[in-house]
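Please open the structure in your viewer and keep the selection tool at hand.

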Amino acid sequence: MSIQNLNKPADAFAQLQEEEGGNQTLCHIRIQQRNGRKTITTVAGIPEEYDLNKILRYLKKKYNCNGTVVEDKEHGNVIQLSGDQRQNAKELLTKVGIVKEDLVKIHGF
């Protein structure tokens with residue numbers, strides 16, 4: 001009887017990094033339920049070389065929503081948009097080439 005688990009790498013997060021594309025990180029687009037019907041969409045994981053304020057300005061103008069850039073302890077700078085803007089944010093990020101489509105992860109109901 002042999003134990004196959006001993007041949008695995010010692011780093012528990014190595015497999016997760018391989019799935020994320022090596023040193024590239026995932027862009028997470030989440031929706032949060034607020035009071036009643038109100039929701040907030042958050043976009044985290046945009047590479048630091050891009051200006052989040054310019055991306056936010058374009059999203060606000062194109063999709064007629066309100067938003068802001070907030071600093072989060074865990075995720076760094078995050079874009080917050082009012083309403084359910086998950087597909088709109090994904091479309092913009094992939095169309096312009098800021099994030100590859102396979103590196104965008106959409107969370108929510």
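Begin by selecting Cys 27, Ile 29, Val 43, Ile 46, Ile 55, Ile 79 and Leu 93, the residues with the most contacts inside the largest nonpolar core, which has 20 residues. A nonpolar core is here a set of buried Ala, Val, Leu, Ile, Met, Phe, Trp, Tyr and Cys residues joined through side-chain atoms within 4.5 Å. Buried means under 20% relative accessible area, exposed over 50%, and partly exposed in between (1.4 Å probe, protein chains only). At least two residues of this core come from each of strand 1 (27-33), helix 2 (52-63), strand 4 (76-82) and helix 3 (86-96). Helix 2 is the main contributor, giving five residues. Helices (H or I, at least four residues) and strands (E, at least two) are DSSP runs, numbered from the N terminus.

The model is predicted: local features need pLDDT of at least 70, side-chain atom pairs count only at pLDDT 80 or more, and totals for chains, interfaces and linings use all residues. Residues are numbered from 1 along each chain as its sequence is written, and side-chain values use heavy atoms, with hydrogens and water left out.

Next, select strand 2 (residues 39-44), where six of six residues are buried. Thr 39, Thr 41 and Val 43 lie on one side, and Ile 40, Thr 42 and Ala 44 on the other. Strand 2 runs antiparallel to strand 1, to which six bridges join it; two strands pair if DSSP finds at least two bridges between them.

Now move to Val 69 in strand 3 (residues 67-72). Is Val 69 buried, partly exposed or exposed? Its relative accessible area is 26%, so Val 69 is partly exposed. Leaving aside neighbours within four places in sequence, its contacts (heavy atoms within 4.5 Å) include Leu 52, Leu 56 and Ile 79.

Finally, select Arg 86, Ala 89, Leu 92 and Leu 93, which are buried in helix 3. They cover an arc of only 140 degrees around the axis, and therefore lie on the same side of helix 3; the arc is that of the directions from the helix axis to the C-beta atoms. The face turned away from this buried side carries the exposed residues Gln 87 and Lys 95. After helix 3 comes Gly 97, with a positive phi near 95 degrees.
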